[in-house]
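Please read the following note alongside the sequence and the model.

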Amino acid sequence: FGVLKGAVDGGLDIPHKCKRFPGYNAEEKSYDADAHRARIFGSHVSSWMDELEEKDQALYQRQFSAYVAAGITSEDIEGMYERVHAAIRANPQRTTVAKEGKPNSFNQKKLNLKQRKERVATKKAVMTNRLMASM
């Protein structure tokens, strides 16, 4: 919903209702823009960080390990988002980051019958050698 809010604030005419945004109170039928802003700037994340840091230090270290490594505390979250938003406004062009290493390949190339039989023979030879070495 932050993207929708940003697009609408940026001037795009997108049909929407404020009922969908965080900060809308259905009982009072009112929209609290400050509550929505707090969500956009991560106040819920910083309060969760504070709560976890007090209750369970191990879970805090695991959950927020990237923030801890970067030296970001719960007080720094809102400033971090403000800097990110300022950088996006300064240069809204999307930049691509060159990835290092070989790309992920989830679909392996299928082996033909000869290759499969060679693979099985190799595995059998390795297992036989391990059994002979252990005797």
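This is a predicted model: local features need pLDDT of at least 70, side-chain atom pairs count only at pLDDT 80 or more; totals for chains, interfaces and linings use all residues.

1. The largest nonpolar core has eight residues, namely V45, M49, L52, Y60, F64, I72, I77 and M80. Two elements, α3 (43-55) and α6 (77-90), each give two or more residues to this core. The largest share, three residues, comes from α3. As general background, nonpolar side chains in soluble globular proteins tend to be buried together.

2. Apart from its neighbours within four places in sequence, I77 is in contact with F41, G42, V45, S46, M49, Y67 and I72.

3. S74 lies in the loop between α5 (65-70) and α6. S74 counts as buried because its relative accessible area is 10%, which is under the 20% limit. When residues up to four places away in sequence are not counted, S74 touches S46, M49 and D50.

4. D32 is located in the loop between β2 (30-31) and α2 (33-40). D32 counts as partly exposed because its relative accessibility is 38%, a value between the limits of 20% and 50%. The side chain of D32 reaches the backbone nitrogen of D34 at 3.3 Å. Leaving aside neighbours within four places in sequence, D32 is in contact with P22 and G23. The C-alpha atoms of D32 and G2 are separated by 14 Å, and the two residues are 30 residues apart along the chain.

Methods
Residues are numbered from 1 along each chain as its sequence is written. Side-chain values use heavy atoms; hydrogens and water are left out. A nonpolar core is a set of buried Ala, Val, Leu, Ile, Met, Phe, Trp, Tyr and Cys residues joined through side-chain atoms within 4.5 Å. Buried means under 20% relative accessible area, exposed over 50%, partly exposed in between (1.4 Å probe, protein chains only). Helices (H or I, at least four residues) and strands (E, at least two) are DSSP runs, numbered from the N terminus. Contact means heavy atoms within 4.5 Å. A polar contact is a pair of N or O atoms within 3.5 Å; within protein, one must be able to donate a hydrogen and the other to accept it, and residues adjacent in sequence count only if both atoms are side-chain atoms.
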